[in-house]
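Subject: Handover of a structure

Dear colleague,

Please find below the structure that I am passing on to you.

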Amino acid sequence: MQMTHAPLRNAAASFKPLLPSPRSRLSTKPLNSGASPSSSSPRRSVSASASSRRDLLLLIPSLAAASAVLRAAPAAAADDQASPPPPPAESPAPAPLPPPKEKEPDGDESAVSRVYDATVIGEPQAVRREAKGRVWDKLAAARVVYLGEAELVPDPDDRVLELEIVTKLAARCADAERRMSLALEAFPCDLQQQLDDFMSGRIDGSILKLYTSHWPSERWQEYEPLLNFCRDNGIKLVASGTPLQVKRTVQAEGIGGLSKAERKEYAPPAGSGFISGFRSGRSFIENITSTRDSPFGPNSYLSAQARVVDDYTMSQIVMKELNGRDPPGLLIVVAGASHLIYGSRGTGVPARVSKKLPKKGQVVVLLDPERQSIRREGQIPVADFLWYSAAKTCTRNCFDRAEIARVMNAAGRRPEALPQDLQKGIDLGVVSPEILQNFFDLDKNPVMTELIHRFQGFRERLLADPKFLQRLAIEEAISISTTLLAQYERRKGRFFEEIDYVLTDTIRGSVVDFFTVWLPAPTISVLSFTDNDSGQSLGFVRGLLGSLPDNAFQKNTFGQNWNMNQRVAAVIVGGLKLAGVGFISSVGAGVSSDLLYAARGVLKPSVSVGAGRKRAPVLKSAAVYSCFLGTSANLRYQIIAGLLEHRLGESLATQYNQPLLAGLLSFVARTANSYLGTQVGHHHCFGVN
C-alpha cells in the first residue's frame with residue numbers, strides 16, 4: 001500500500017487504512033353478531049362470562065409461576081442462614097499509583113472495539129474477544145506503544161480509543177508498579193511547562209485550553225477526558241510536537257530557513273541518513289506523488305521536509321523520555337498515522353527510535369483505519385495492530401477467519417452448501433463463528449433444515465432466536481383458543497350455525513397474530529452487506545431500512561451500534577407495518593363477512609331477514625383497528641420480543657441456567673398480553689356482525 005507523506009501535522013495525508021462500501025400481535029377481533037341494539041343487557045352478561053373464562057386461562061400459568069417462586073424462596077433463605085457474611089477485609093496498603101478502574105465491555109453486546117493483527121500474511125486477522133488478553137499483554141510488555149490517529153480529517157472516535165487503551169494499560173502498569181507516560185504530538189514541545197503546571201494543579205483545564213488556540217474549536221473537548229484521566233492518575237504528560245513557529249518556517253522556506261540553533265535542535269544532522277534523501281532521493285518523492293496529483297501542489301518537497309522535522313523532533317523527545325526513566329516504564333505516543341506507519345522498518349518516528357531501542361520494544365497501533373491492505377509475502381506490515389472504535393460499523397473482515405474455518409470443518413460442511421447470503425457473509429467476514437454454529441445446530445432438525453434453507457425470513461429470525469417457532473406456536477394457540485372461546489360465549493346455540501362467521505374471525509385473527517410475532521422479532525441479516533448491486537433508489541431504501549433494527553430493543557450485531565434515534569425509528573417503522581397489516585386484514589374480514597351474509601340471504605332468506613344485522617362501516621372499523629395495531633399492540637410486542645424474551649429471557653437461560661423460567665416468562669407475558677389486548681381492542685376498536 002502506498003502512502004503519501006504529509007507536510008505537517010495539521011495538513012498531512014490522512015492514513016485511514018478504505019473499506020469496500022457496503023452497503024400486537026392481533027389482540028382483538030371484530031365479532032359477528034346478529035343481535036340488535038336492544039340486547040345490550042344479555043351482551044354484558046355474555047361479556048362477563050367470557051371474561052371469567054379468560055381469567056381462568058391466566059390462572060394456570062400464574063399459579064405455576066407463583067409455585068416456582070415459593071419453592072425457591074425457602075432454599076434462598078436457607079442459603080442466607082447457612083452462609084453468614086464474611087468479616088470485612090483489611091484495607092490494603094496504598095500503592096504508589098492506584099490502578100484506575102476499567103470499564104469492561106458488556107458481554108451481551110457485540111458493539112465493542114475491534115482489533116486486527118496486521119502482521120499476518122494476507123488480510124488482517126480479526127482478534128477474537130477472548131484472545132484480546134494477548135494483545136494487552138504485548139502492549140503492556142513494550143517500552144513504547146504508538147497510537148496513530150487520523151490527520152487530514154481528525155476523527156473524534158480516535159480519542160475514545162486512546163482513552164480506552166490508556167486506561168487499561170495504566171491499570172496493568174499500576175499492578176506491576178511500573179510508571180507510565182503519555183506523549184502527545186498535538187502539544188508543541190515548547191508547551192511542556194504548561195503541561196507540568198496542569199499535572200501539578202497550578203493551572204486548570206480552562207487555563208491550559210488558552211494555549212491550544214491553534215486547535216479547531218471542538219478538539220479540546222475531545223482531548224479533555226484523556227488529559228483529566230492522566231492528571232488524576234499520575235500519568236506524566238509529554239509535549240512532543242514541533243513548535244508552531246518552526247513548523248511554519250519549514251513549510252514556507254524549508255529547513256534552510258531555520259536559524260543555526262533551530263536546525264541543531266529540530267532538524268536531523270547532515271549525513272545521519274535522516275535528511276540525505278532530499279539530495280539523492282528527490283526523484284523518489286516526485287515519483288510517489290506528482291505535482292499534479294499531490295494535495296500539496298508544487299511545494300510537496302517543502303512539505304516532506306516539514307514532515308521529517310516533525311519525525312525527528314518527536315523521536316528525540318521519545319528517546320529523551322526513555323533514557324530518563326529508571327526503572328524502565330511504558331511510554332505511549334499519540335501522533336499522526338503517517339509518522340508511524342511501517343514501524344521500525346519505515347521512515348517515521350519508530351524507525352528513528354529503533355537506532356537506540358530494540359525493535360521488539362515498540363508496538364504500532366493504527367486507530368480506525370479506513371483501508372485494510374492485503375499483505376503479501378516479503379512486504380512490510382503497515383502496523384502491528386489495527387484498532388477500530390465501537391462506533392465504527394464493521395462491514396468486512398469482522399471475525400477470525402481461522403475460527404470460522406474450524407467451525408466449518410468440525411461440522412463437515414463446505415461454504416458452497418450454505419445459503420447464498422451466508423456464503424457472501426462468510427466471504428466478507430461478517431458472519432461470526434457463533435452464528436455459523438447456531439445455523440449448523442438448527443440444521444440437524446429436518447423441519448428447521450427446510451425452513452432455514454428455503455426461507456430467508458425464517459433463517460434470519462431463527463438465527464437470532466432459535467425458539468422463534470416455539471413463541472409463534474404459543475401466540476397462535478392463545479389467539480385461536482381465546483377467539484373460539486369468545487365466539488362461543490357470544491353465539492351460544494348459534495355457534496355451529498354461524499360457523500362460517502366464526503372461522504372468518506378466527507382465520508383473520510390467526511393471520512394478524514402471525515405478523516405481530518413476525519415483524520417485531522429480532523433478526524440477524526447479512527443482506528445489508530451483500531446487496532451491493534441494487535439500483536440507486538432501491539439501494540437507498542434498503543440502506544435506510546437495513547440501518548434500523550427489526551426490534552427496538554434488539555442487541556447490537558455485526559458491529560452495529562444502533563443509537564437512540566434509530567431505535568425510536570424502528571418503533572415507528574414497525575408500527576406502520578403492523579398498521580398496514582391491520583387495515584388490510586380488517587378490510588378482508590369485513591368483505592368476507594359481507595359475502596357470507598349475502599350468501600346466507602340467498603340460501604336461508606327467512607333466517608337472515610329474521611336475524612337482522614347491524615355492524616360498523618368496514619373502512620372505519622379497519623382504520624380504527626390499524627391504529628390500534630400500530631400503536632398499542634406494536635409497543636407491547638416490541639417490549640415482549642425485545643426486552644422480555646431477547647434480553648431478559650436469554651440472560652436467564654444462558655447466564656443463570658434457567659431455561660424453564662425463561663420459557664415460563666415468555667408464556668405468561670404473551671398470555672397476559674393477549675388478554676389485555678382482547679379487552680382493550682374489543683371495547684374500543686370494532687363494531688359487531
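Which residues form a nonpolar patch on the surface? In this predicted model, the patch consists of Phe 496, Ile 499, Leu 503, Ile 507 and Val 511, and together they have about 490 Å² of accessible area. Val 511 belongs to helix 19, which covers residues 499–518.

The interior may be considered next. In soluble globular proteins, nonpolar side chains tend to be buried together. Here, the largest nonpolar core comprises 74 residues, and Tyr 146 and Leu 436 have the most contacts inside it. Helix 11 (residues 300–323) gives the most to this core, contributing seven residues. Apart from this core lies another, of 42 residues, including Leu 182, Leu 184, Ala 186 and Leu 195. Beyond its neighbours up to four places away in sequence, Leu 436 touches Ile 404, Val 407, Met 408, Leu 418, Ile 426 and Val 431.

A further residue to look at is Arg 459, located in helix 17 (residues 456–464). Arg 459 is buried, because its relative accessible area is 5% and the cut-off for buried is under 20%. The side chain of Arg 459 makes a polar contact with that of Asp 421, at 3.1 Å. Among the residues that Arg 459 touches are also Pro 419, Leu 422 and Phe 439. Phe 439 is 20 residues from Arg 459 along the chain, and their C-alpha atoms are 8.4 Å apart.

Yours sincerely

Technical notes:
Residues are numbered from 1 along each chain as its sequence is written. This is a predicted model: local features need pLDDT of at least 70, side-chain atom pairs count only at pLDDT 80 or more; totals for chains, interfaces and linings use all residues. Side-chain values use heavy atoms; hydrogens and water are left out. Patches are made of residues with over 30% relative accessible area and no salt bridge: like charges are joined within 9 Å, nonpolar side chains (Val, Leu, Ile, Met, Phe, Trp, Tyr) within 5 Å. Accessible areas come from the Shrake-Rupley method with a 1.4 Å probe; for residues, only the protein chains shown count as cover. A salt bridge is a side-chain nitrogen of Lys or Arg within 4 Å of a carboxyl oxygen of Asp or Glu. Helices (H or I, at least four residues) and strands (E, at least two) are DSSP runs, numbered from the N terminus. A nonpolar core is a set of buried Ala, Val, Leu, Ile, Met, Phe, Trp, Tyr and Cys residues joined through side-chain atoms within 4.5 Å. Buried means under 20% relative accessible area, exposed over 50%, partly exposed in between (1.4 Å probe, protein chains only). Contact means heavy atoms within 4.5 Å. A polar contact is a pair of N or O atoms within 3.5 Å; within protein, one must be able to donate a hydrogen and the other to accept it, and residues adjacent in sequence count only if both atoms are side-chain atoms.
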